[in-house]
Each structure stands twice: as C-alpha cells, then as structure tokens.
Amino acid sequence: MDEVKDITTQKHLSFKEILAYSLGLFGFQAIVGLLNSYQAEFDGSILGVDIAVVGILILVAKIISAVADPIVGGMVDRSKSKLGKFKGMIAYSILPLLVMSAVVFIDVPFKNNTMLTYVWIFVTYLIWSIAMTMGDVPSQGIAAALTPNPTERTNVVSISNTAKQIGFSACVVIVPIVCLIIPEGSKVIVKKGETDTPMIGSEYFWVAVLTAVLGCALFALIPLINKERVITESSEKIGMKDMFRALKENKPLMLVIVSYFLGFGRQMAMGIQVQAANVLLGSQNLVAVLGIVTAIGSMISMAICPVLIKKFNEKKVYLIMSIYGFIASVLSFIVGHFWFKACTTSEDWFKGGNAVLTILFFASLFLIGLQFGAVTLMPMIMTADCVDYYEYETGKRMEGTAYSILTLTIKVCLALGVALGLVFVGISGYSDTLNAIKDGTATGFESKTKDIIFFAYTVMPGILALLSIIPMFKYDIVGEKKEKISKALAQRRATEE
C-alpha cells in the first residue's frame, strides 16, 4: 500500500506541461469565445439577417453536430495513435478548426438572398462545430490521463480552466486592437477617433484569422508537450446506445450532466455580451469593459477553488457558489436598473451622484463573476472522478466516452443559452432600435430594452444556476469515498504491471 500511496500523492506534472496544457486550452477557447460572442452580431449587422433566427440556427446546428461527440469519444477510446489516444485526435483537429473559424466570418456576395444566406450560416457553423468537437473532446478528456494523483489533477484542471476562461474572453481585447489596424489590400488603414463606429466586414474577418492562427498555434502545444500517464486501451466501438448505457451505469456522471443541463443559462451572458455592451454601455466597442470585469471575478474564483475544495469538497463548493450566483445576479439586476435610468451615455457615468451607482454596477458584475470559476471548473473535476468511479466499478476506463458526453452537454447548453439570450434580444426591440439609430430616427435604447437584455444577462442565468443544484444533493464521489477509489485503482494498476 505504500507504493500505491506514493502513486496517488506524488507529483507527476512538470511546470512546462501545466503551462502547455493551460496555453492550449487558452488558445482553443479564444476561438470558441469569438464565435459565441461575435457570430450573431456579424450575421445581423454584416449579412443583414435576423439575430433571433441565427440563434435558432446555432441551436439546431449544435444538436445535429452532437452526433460527432460519441463518434469522437469512441475514436479516442479505441485510438492506437503513436502520439497518444488524446493527443492524436487533437493534432487532427487543428487544420479544420483553423480554416472554418475564418470561413464563418466571410462577408458573402450573395447576402441579398436571405434564404441562401441562412443556409450558408447554418452549414458553415455546423462544419465548424464538428471541427471544434474533434479538438474539444480529447483536450478535455486528457485531463483525466495527465496524472493518477487526484489532488494534482484538481490543481491542473483549476489552473488550465483559469487560462480557458481568460481565453474565452480574449476576443474582447483582440477585437479593438484589430479594429485599429485593418489590412485592406496592401494598404494598412489606421482608424482614429472612431470608438463608436460599428465594425465592418473586413474587421470581423481579420479578427477571426488572427484569433484562429494564434489559437491553433497554442492549441498545438498540448500534443507537442504533454504526456498521457494514465493509459488504458479499449477496442470497443462506442455509439449513442453505449453512451446512454455508460451514463445509466455511471449515476454520479448522470447527476453531473443533468445538473449542467439545468444550469444552461450561465451560457447566456457570453452569447449576448456584444449586444449587452451596445445597449447598456453605449457601444459594442466597450464589450471589453463589460467582459473583463466579470472575467476578473471568474479568474479569482478559479484560483481559490482548489483551496475551497480542500476545505470543503467539490459538491459543497458547487452548491454554495450556485446559490451565491443567484443572489449576486438578482442584486446586479436591481443595481443595473437604477444605473441605466441615471446614465444614458458613458459621459454620465461619473457626473454628480452617478459615480456611486457606476461603481456599484461594475462591482456587481465582478461579484457575479466569482461564481463562474467554481461552477465551470467543478463539472470538469467531477467528470474525471466519475471516470475513476466507472473504472473502479466495471474495470473499464472510458475517458473519451465520458468527456464526449460532457462536451456534448456543454455545447448543447451553450447553444441553448445563446439561443435563449438572442430570443430576449429579439423581443427587447434591439434590432429595430439599432436600425433606427443608424437611420437617425432614434438617439438611443429605451429603458425597457435595457431591462430585458440585462435580465437575460443576469437574472435568467441566476435562476437556472439555482435549479442546477437539485441533482447535486445526491452526488457522493467526495471525501473518503473518492480517496478510497483512487487508492484502489492505483493498487489495481500496480498489480497489473
């Protein structure tokens, strides 16, 4: 048992590997964040289609592309690649992800044909979603194979997911930079004093190209540098029926998945962040202000998460942070409602008594962000623990299948969140008002529009976060049970060797 104890407690990962894995997820999520934040706005403002319809198309494309998740998960589990079962699939995903991330933002010449434009949007996003799945499933699943030490695994997931969260919000920094210098033919145009001008088609495209190239270069670090230490082989072909059977047999994983589905509203804020910045702050170019404030809270949350888990456990931290998230979201909406009435433009933010409301508003967004780190991180850690549980109970280790179920859930929830958020944007009158502002027949957004969009940005995610705690009350892979499983698996592997 001393040997087993060493295996489950000793350090396996080098700083170089942790950095490579974290930068890889940063790069991958920078691409995902760009699509989720800017695609709908690009389709609406450049291609001239209805944003609410785009939300539905994204949802349908995600559901259809979900078929790729079990296929990729099964391919990972059966892989005999010399690079490794996870690293090989990551390497194969890079080129299609790079190409399709740019294709989605092409200003097509047939945009006057609305139906053909909708078909283009749907098909390109569907192909992008499949390419994303090829990288997403193995890059998440490899976390369970990097080390047999549960504590070390929790730490690396925490660090890498902090980088992942930063990457997801990186577009709000990349976009303004690219908008200052835009390649047009062989000439470089430097735009001055146009902080409130809408983005043009070439800006969207070059943002996508830059993000895709840098993101894929960083993503390639994972197969280049990381090692797979928990190695098991499976020759079984995994299909949808096998996934459902595995999910049924792995009740802790089922609880994690159901919980994630119930909390899908957390994805709404990122999906409508550009529209929210336009309505609430007066310019889509201020999306960086809106996103960074929340992201800082999220990063702090991820940094302290391992400490909280050690003091309590994954289940208790998830419950506490979800309840906290609901309270913080409601308070933020209340503060925001009064702030919008007092400040109609950014010039009003610090006039007279508005300064206190402005500080409270951005502080409330920061407080909302504190929940996201924990509730984003916990499903990743819990899924890795559920993989161990399944191996402990059945002798089979199916990281690919388990993480394909999780990534499928994440993608569908993201699509649901974006679609629901864009429905709120649609009923708020956002598009009509935006067109009126461009035509000069309106000077700004009404309070009703601001309240509806901010409700979707804060309260709806908070309500659904509260619902997500219901399945978690029965989750029990924590504490002594988790430690017992880890040691038993280490003993079994040591005996097999």
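How much space lies in the largest cavity? In this predicted model, the largest cavity holds about 570 Å³ of space. Residues are numbered from 1 along each chain as its sequence is written, and side-chain values use heavy atoms, with hydrogens and water left out. Because the model is predicted, local features need pLDDT of at least 70 and side-chain atom pairs count only at pLDDT 80 or more, whereas totals for chains, interfaces and linings use all residues.

A cavity is a set of points, on a 1 Å grid over the protein atoms alone, where a 1.4 Å probe fits but cannot get out, and its lining residues have an atom within 4 Å of a point. Grid points are joined across faces, edges and corners, and a volume is the space filled by probe spheres set on the points. The count comes to 6 cavities of 30 Å³ or more.

The lining of the largest cavity comprises 29 residues, of which Gln165, Phe168, Gln267, Met270 and Thr376 lie nearest its centre. At least two lining residues are supplied by each of α2 (15-45), α6 (114-141), α7 (150-168), α13 (268-271), α15 (287-311), α17 (354-394) and α18 (399-427). Helices are DSSP runs (H or I, at least four residues) numbered from the N terminus. By class, 14 nonpolar, 11 polar and 4 charged residues line the largest cavity; Ala, Val, Leu, Ile, Met, Phe, Trp, Tyr, Cys and Pro count as nonpolar, Asp, Glu, Lys and Arg as charged, and the others, Gly among them, as polar.

The second largest cavity holds about 70 Å³ of space. Its lining consists of Ala246, Asn250, Leu253, Cys386, Val387, Tyr390, Met398, Thr401 and Ala402. Two or more of these residues come from each of α17 and α18, and α17 gives the largest share, 3 residues. The lining of the second largest cavity has 7 nonpolar, 2 polar and no charged residues.

Helix packing was examined next. Axes are lines fitted to C-alpha atoms, for helices over the stretch in contact, and angles run from 0 to 180 degrees between N-to-C directions. Contact means heavy atoms within 4.5 Å.

The axes of α7 and α15 come within 9 Å and cross at roughly 170°. The two helices, α7 and α15, are therefore roughly antiparallel (angles over 145 degrees). From α7, the contact involves Thr154, Asn155, Ser158, Asn161, Thr162, Gln165 and Ile166, and from α15, Ser298, Met299, Met302, Ala303, Pro306 and Ile309. Gln165 of this contact is also among the residues nearest the centre of the largest cavity. The contact of α7 with α15 divides into 6 nonpolar, 7 polar and no charged residues.

Helix α15 also packs against α14 (residues 273-281), with axes that come within 8 Å and cross at roughly 110°. This makes α14 roughly perpendicular to α15 (65 to 115 degrees). The crossing of α14 and α15 is right-handed, that is, the near helix is turned clockwise from the far one by less than a right angle. Gln273, Val274, Ala276, Ala277 and Leu281 of α14 meet Val287, Val289, Leu290 and Gly291 of α15. This contact has 7 nonpolar, 2 polar and no charged residues.

Helices α16 (residues 314-342) and α20 (residues 447-457) pack at about 160°, with their axes 10 Å apart, and are therefore roughly antiparallel. The crossing of α16 and α20 is right-handed. Ser332, Phe333, Gly336, His337, Phe340 and Lys341 of α16 contact Ser447, Lys450, Asp451, Phe454 and Phe455 of α20. The residues of this contact divide into 4 nonpolar, 4 polar and 3 charged.

Notes
1 Å grid on protein atoms, 1.4 Å probe; cavity = no way out; pocket = protein on both sides within 12 Å on 5 of 7 lines; lining within 4 Å. Parallel < 35°, antiparallel > 145°, perpendicular 65-115°, else oblique.
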